[in-house]
Amino acid sequence: MPLTSYTSEKPLIYSLTPDEMKEWLVEIGDKAFRAQQIFDWLYVKRVRSFEEMTNLSKDLRQKLSETFRIEAMEEITHQTSQDGTVKFLFKLVDGHAIETVIMRHSYGNSICVTTQVGCRIGCTFCASTLGGLKRNLDAGEIVAQVLMAQRKLDEEGARVSHVVVMGIGEPFENFENLIAFLRIINDNRGLNIGARHITVSTSGIVPKIYEFAERGGQVNLAISLHAPNTELRTKLMPINRGFPLEKLLEACRYYIAKTGRRISFEYGLFGGTNDQPEHAEELADLIGDMLCHVNLIPVNYVPERDYVRTPRNEIFQFKNILEDRGINVTIRREQGSDIAAACGQLRAQYAKETVG
Ligand code: SF4
């Protein structure tokens, strides 16, 4: 099963957590505090080569370039939407393409990162899963997406304020790299993205929800729920066979009790499937007593599937039913609708062009 990350002789420098960087420095007989300087060059000054790290000795720069890679990916293309959404297509060193998105909000710039090349979860509404999973991304390949987006934002003097791990892939299937990624972008000597400004979204890998809860910390957790009962969820998300709704919600309750943090439930409205008033009532029965928030996502027509968009008045009707039951609800604003913004579209387009 292709679950391992890309391995080359040289690991990516961005894969190192601050502690690992210190350990390496001590191993080569240098001073641990230089980790701070290296982080500063990588994530604050955002240099593209080790030679530019001029406050390090020539010898250390040499050792860095002998041991690590600094180029993680190159930009194939990017599209900018009228609303400012930027969608990147990056090429990794082994030729695979991944997508990263900058989204504009009133509260700042949020980056949506990819954690795997493809995905094997098989959600029926998702184009990214059609080609299956190719491989996991290294922690550094996830970090580099934020860095590339930050470089783009540098052009307008702006910064990445939020990160959502909601791009292609199931982050909890790439758990160790995910955790390293969170440590690296959260470090105040580097990109310094506050944990409360980071959200990880899972399709519901139950054991990892427990692990994530044990880990503590302030990172937000979102669950792709999409159905108010187990039959419907299995139809939409086959992962529900392995991790049924009941077990998933048990894990969510544990997470809330352990961390004291609110969970976000992502609920895609698929016209004629899960968007009727009775579904809203059923959903309220299911999660109404939990410390949670529901994010309704009106889903556009999916060419490969039969889903259609829920009419506007029905979206609000669904929302009102939940709110009347005391649940906090938002409707996700559509971003980048004039570009290939749906998850996986740009990558699929690229694959078609390069293959065909
Ligand atoms: S929605 Fe996410 S978890 Fe589901 S198949 Fe697509 S990428 Fe994988």
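1. The unreviewed UniProt entry annotates Cys-119, Cys-123 and Cys-126 as "binding site". UniProt positions follow the numbering used here, feature names are shortened, and annotations may be inferred rather than shown by experiment.

2. This is a predicted model, in which local features need pLDDT of at least 70 and side-chain atom pairs count only at pLDDT 80 or more, while totals for chains, interfaces and linings use all residues. Residues are numbered from 1 along each chain as its sequence is written.

3. Cys-119 sits in the loop between β5 (116-118) and β6 (133-136), and Cys-126 lies in the loop between β5 and β6 as well. Strands (E, at least two residues) and helices (H or I, at least four) are DSSP runs numbered from the N terminus.

4. Are Cys-119 and Cys-126 buried or exposed? Cys-119 is buried because 25 other C-beta atoms lie within 10 Å. Cys-126 counts as buried because it has 22 C-beta neighbours inside 10 Å. The cut-offs are 20 or more other C-beta atoms within 10 Å for buried, 12 or fewer for exposed, and partly exposed in between, with C-beta atoms placed from the backbone.

5. Leaving aside residues up to four places away in sequence, Cys-119 touches Ser-128, Thr-129, Leu-133, Ile-168, Gly-169 and Glu-170. Contact requires C-beta atoms, placed from the backbone, within 7 Å of each other.

6. The residues around the ligand include Cys-119, Cys-123 and Cys-126. Also among them are Ile-121, Gly-122, Ser-128, Thr-129, Ile-168, Gly-169, Glu-170 and Ser-203. Ala, Val, Leu, Ile, Met, Phe, Trp, Tyr, Cys and Pro count as nonpolar, Asp, Glu, Lys and Arg as charged, and the others, Gly among them, as polar.

7. The "active site" feature in the unreviewed UniProt entry is placed at Glu-99 and Cys-343. Glu-99 belongs to strand β3 (residues 97-105). Glu-99 counts as buried because it has 25 C-beta neighbours inside 10 Å.

8. The chain is assigned domain 1 (13-67) and domain 2 (73-355), with bounds from an automatic or database domain assignment. Their centres, taken over C-alpha atoms, are separated by 33 Å. At the interface, 11 residues of domain 1 are in contact with 15 residues of domain 2. On the side of domain 1 that touches domain 2, helix α2 (residues 34-44) gives the most, with 5 residues. The residues of that side divide into 6 nonpolar, 3 polar and 2 charged.

Note on methods. Contact = placed C-beta atoms within 7 Å. Near = placed C-beta within 6 Å.
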